[in-house]
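Dear colleague,

Please find below the structure that I am handing over to you. A summary of the findings follows it.

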Amino acid sequence: MVAIRQVPPSSRLREETLLIDVRETGERLAGHIEGTPHIPVGRLQDDLPALISDLDTELVFYCATGSRSKVAAAFATAMGYTDTASMDGGFERWRNEGLDWVSPGQLTDEQAMRYARHITLPGVGARGQERLLSARVAIVGAGGLGSPVALYIAAAGIGTVGIIDDDRVDSTNLQRQVIHSLDHVGQSKTDSARERISALNPDVKVELYPEKLDAANAFRILSGYDVMVDATDNFPTRYLLNDVSLNLRIPVVHASIYRFEGQVSVFDPYQGPCYRCLFPLPPPPEIAASCDAGGVLGVLPGVMGTIQATEALKVVLGLGETLVGRILLYDALAQRTSELRVARNPECPACSDEQNPPELIDYDPSCRPA
Ligand SMILES: [Zn+2]
């Protein structure tokens, strides 16, 4: 075997070479060097070429103590990589020399396994997962949009999920409301949703509000949440939620659907436009058909709700570019998306005066000022 070059731990390795963790997943989760990709020794043959195509890249492998990383370096050399080395003493020596590393923090071993794909994900990591676990997300509506939102944010490990819905499951819901199932027909949607969420992820605390959101209960229910998801199907609740958002300064992840089309956006109070900046008044009730009357392709709320879940997670993590100031339009029939840039309306009756947020009122179906 060719002699393997060994290099001592130093911060230079992280900055100037590609430092690769070749330990097993369980070891990785107990702590690792920040920003280092993870390929267990047994996966090098498959995963290394996918990660690095330039055979002249300077590669330094590390394991726990520095023996498996020698094997990894020899193996990479045999694969044709020209500049490989093993970090002497491994992660143990790295830590002992006081160099920076990322600890799994507050996560239990079980959580570290459950969220392993988040923990190894750049931009999320153990810190991000802890953030998700301490976040509170309220979902208004446990129907077509609320179903995928609830399932995905629960799977992602959002620590507290509030569900607000006064409806019961009926058999016409099952064509699109995938959180409910046939044996839940007749049950309250909140109970039905809790059952699925708890079966999926016991980490999630589910707070149920089997009531209709109105001006009298909105502050009691929604205070203390970090993000609100508008998964409603009617204009009065949507306008009320906008007013709540401006009062409590909680961002709203909005979506609405009609037949084969949907739209989704994020309303971050006073940072971007609010719902009323865009839609000062809803369409007249005779035009504003609800799902019941207009029909809807069953998978459409799945697509739009999944985008809402994505945005809610991004808001919690402070990650990427959210849909604040943009409306994403989706046309399922053409399989096409388009985007509208939208700005705050300085004359907006709801958000133009930050010091005087709108008083909560119960809107009639027209949502027009009395
Ligand atoms: Zn506004």
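Is cysteine 277 buried or exposed? Cysteine 277 counts as buried, because its relative accessibility is 11%; buried means under 20% relative accessible area, exposed over 50%, and partly exposed in between, with a 1.4 Å probe and protein chains only.

Before the details, two notes on the source are in order. This is a predicted model, in which local features need pLDDT of at least 70 and side-chain atom pairs count only at pLDDT 80 or more, while totals for chains, interfaces and linings use all residues. Residues are numbered from 1 along each chain as its sequence is written, and side-chain values use heavy atoms, with hydrogens and water left out.

Overall picture

The protein has 15 helices and 12 strands; these are DSSP runs numbered from the N terminus, with helices (H or I) of at least four residues and strands (E) of at least two. Its C-alpha trace spans about 85 × 50 × 40 Å along the principal axes. Of its 370 residues, 49% count as buried. Among contacts between residues at least 6 apart in sequence, 68% join residues at least 24 apart; contact means heavy atoms within 4.5 Å.

The zinc site

The zinc ion has as its protein donors the SG atoms of Cys274, Cys277, Cys348 and Cys351, at 2.2 to 2.3 Å. Donors are N, O and S atoms within 2.8 Å of the metal (3.2 Å for Na, K and Ca), and sites may look incomplete since water is not among the atoms. Along the chain, the donors follow the spacing C-x2-C-x70-C-x2-C. Cysteine 277 in helix 13 (residues 275-278) and cysteine 351 in the segment after strand 12 (336-341) form a pair that links distant parts of the chain, 74 residues apart. Cysteine 351 also counts as buried, because its relative accessibility is 0%.

The arrangement is tetrahedral because the 4 donor atoms subtend angles of 95 to 121 degrees around the zinc ion. Four donors count as tetrahedral if all angles lie between 85 and 135 degrees; four count as square planar and six as octahedral if opposite donors are over 155 degrees apart and all others between 65 and 115; anything else is irregular.

A helix pair and a glycine

Helix 8 (residues 125-133) packs against helix 15 (residues 300-317) at an angle of about 110 degrees, and their axes are 9 Å apart. Axes are lines fitted to C-alpha atoms, for helices over the stretch in contact, and angles run from 0 to 180 degrees between N-to-C directions. Helix 8 and helix 15 are therefore roughly perpendicular to each other; angles of 65 to 115 degrees count as such, those under 35 as roughly parallel, those over 145 as roughly antiparallel, and the rest as oblique. Gly128, Arg131 and Leu132 of helix 8 meet Leu313, Val316 and Leu317 of helix 15 in this contact.

Glycine 157, in the loop between helix 9 (146-156) and strand 6, is buried at 0% relative accessibility. Its C-alpha atom is separated by 9.4 Å from that of arginine 131, 26 residues apart along the chain. Beyond neighbours within four places in sequence, glycine 157 is in contact with Tyr115, Gln129, Leu132, Leu133 and Asn201.

Buried residues elsewhere

Isoleucine 20 lies in strand 2 (residues 18-21) and is buried, with a relative accessible area of 0%. Neighbours within four places in sequence aside, its contacts include Pro37, Ile39, Phe61 and Tyr62. Serine 69, in helix 4 (residues 68-78), counts as buried at 0% relative accessibility. Not counting residues up to four places away in sequence, serine 69 touches Val22, Phe61, Tyr62, Cys63, Ser86 and Met87.

Histidine 180 is located in the loop between strand 6 (160-164) and helix 10 (189-200), and is buried with a relative accessible area of 5%.

Two positive phi values

Arginine 259 has a phi near 55 degrees, a positive value in a residue other than glycine. Arginine 259 lies in the loop between strand 9 (252-258) and strand 10 (261-267) and counts as partly exposed at 39% relative accessibility. Tyrosine 270, likewise not a glycine, has a positive phi of about 70 degrees. Tyrosine 270 is found in the loop between strand 10 and helix 13, and counts as buried at 6% relative accessibility.
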